[in-house]
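Please have the sequence and the three-dimensional view open side by side before reading on.

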Amino acid sequence: MRSYWFGVIATYLHLIAMATYVGGSLIMEFVVGHAQKSIPPAQAQVMGEKTADRFLLLAWSALGLLLVSGIMQAYAKSVEPMLMGDGLFDSGYGWSLFLMIALWAVLVVNGSIMTFVLRPRLKGKMGAQVGAAQVQARQDHLMKTVRQMQWITRADLVIALLVPLAGAGLLHGNGLFTTGVLAPLGLG
Amino acid sequence: MAAYVVMLAWSVYLGGALVMELVWRPAQEHLPMAQIGVACQVMGRRYRWLALAMLAVIAATGLALLPARGPGTLTLSTGYGRTVAALVGCWVLLVALVVGMAFAAHPALHARGAADLTPEARAEARAGVGRAIRRMDALLRVELAVALVATLLGASLPAGGML
């Protein structure tokens, strides 16, 4: 164990980042999204855009903070060689760490697709001189994009529920594969 | 499993407080007052039960986790015991804040005046809603501050507490 305060601050930042991403995603989906349906469509669109823009910023900050505080925690517990792959698959702790890093990477990939591919598609506007067929095609394209975004959001929610499971195993023991719910897999 | 549940419940609670403060409040500036009122009402109705349920889950799973630390650690003579006591204090404060917001501050935001009010009475009713909004904002900030302190206390528990 390295410095007491370094470890406590690392855990503190990690918990805040996790709460921002995990809890924030759930609240955005089930509380803010639900309230959005209760106001007229024009205002609902404004509300959706403004809240999504701000939450996207918050979510990216949380993913960045998860990485930094995760590395800090590895140093605090003197397991930083595992981050370079040294002995990562030799213990249940290493397997749990690997699972967390893999899930974090999936969240980053999903976040990148949402931010840089799907959301820009929703923001494009049509000119005034377009025909009915083009308007229909644009609407179909928008609906397809919205459906893709919904699928990614749901996948993110499932992953967001799994990440704390791996984290709880690391914080309170030797990882999921040794003492946790995945112990029967025998990877410890 | 209890560690997972307490972590998830705390994440939902703290994440909700952060979203309300950092996402919803700034977004309100772009909406008409009437729609803010409707959205706040719908959101508040769902959020208050969710927040109270999460605080209840945190208490139940937190209690289940405590004996795992071993006998003799839950006294005020140990750092761990004092930190747990401070956490319990934060939890009581958070429950009081959520209950206060849910059943006093939140309903005051939607006070409606009768149609036959005098201009003075109408202005007074509007000023009352303004005061209720400021009171709600202050309570939300206090709630977030207490939740962040509780997170710091909780973060120190695996290392033996901090007080």
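What follows is a walk through the model, from its confidence to its chains, their contact and some single residues.

This is a predicted model, in which local features need pLDDT of at least 70 and side-chain atom pairs count only at pLDDT 80 or more, while totals for chains, interfaces and linings use all residues. Residues are numbered from 1 along each chain as its sequence is written, and chains are lettered from A and ligands numbered from 1 in the order in which they are written.

Confidence comes first. For the model as a whole, the scores are ipTM 0.83 and pTM 0.82. For chain B the mean pLDDT is 83, with 93% of its residues at 70 or more. One stretch of chain A calls for care: over residues 183-188 pLDDT stays under 50, and the model has 13 contacts beyond four places in sequence for this stretch. Where pLDDT is low, predicted coordinates should not be read in detail.

Chain A has four helices and zero strands, where helices are DSSP runs of H or I with at least four residues, strands are runs of E with at least two, and both are numbered from the N terminus. Read from the N terminus on, the elements of chain A follow the order α-α-α-α. Of the 188 residues in chain A, 32% are buried; a residue is called buried if 20 or more other C-beta atoms lie within 10 Å of its own, exposed if 12 or fewer do, and partly exposed in between, with C-beta atoms placed from the backbone. Among the contacts in chain A with a separation of 6 or more, 70% are accounted for by residues 24 or more positions apart, two residues being in contact if their C-beta atoms, placed from the backbone, lie within 7 Å.

Chain A is also divided into domain 1 (1-78) and domain 2 (92-121 + 131-188), with bounds that come from an automatic or database domain assignment. Between them, 11 residues of domain 1 of chain A are in contact with 12 residues of domain 2 of chain A. On the domain 1 side, the elements that give two or more residues are α1 (4-36) and α2 (41-76) of chain A, and α1(A) gives the most, with six residues. By class, the residues of this domain 1 side are nine nonpolar, one polar and one charged, where Ala, Val, Leu, Ile, Met, Phe, Trp, Tyr, Cys and Pro count as nonpolar, Asp, Glu, Lys and Arg as charged, and the others, Gly among them, as polar.

The two chains meet as well: 37 residues of chain B are in contact with 37 residues of chain A. On the chain B side, two or more residues each come from α1, α2 (33-65) and α4 of chain B, and α1(B) gives the most, with 18 residues. That side of chain B has 29 nonpolar, seven polar and one charged residues. Within helix α1 of chain B lies B:V23, which is buried because 22 other C-beta atoms lie within 10 Å. Leaving aside neighbours within four places in sequence, B:V23 is in contact with A:T51, A:R54, A:F55 and A:L58.

Within chain B, the contact of α1(B) with α4(B) is made by B:Y13, B:L14, B:A17, B:M20 and B:E21 of α1(B) and by B:L140, B:E143, B:L144, B:A147 and B:T151 of α4(B). These residues divide into seven nonpolar, one polar and two charged.

Three further residues can be located in the view. B:L87, in helix α3 (residues 79-108) of chain B, is buried because 21 other C-beta atoms lie within 10 Å, and it touches B:A150, B:L153 and B:G154, not counting residues up to four places away in sequence. B:A138, in helix α4 of chain B, counts as exposed because it has 11 C-beta neighbours inside 10 Å. A:K144, in helix α4 (residues 132-172) of chain A, is exposed because 12 other C-beta atoms lie within 10 Å.

Technical notes. pLDDT is the predictor's confidence in each residue, from 0 to 100.
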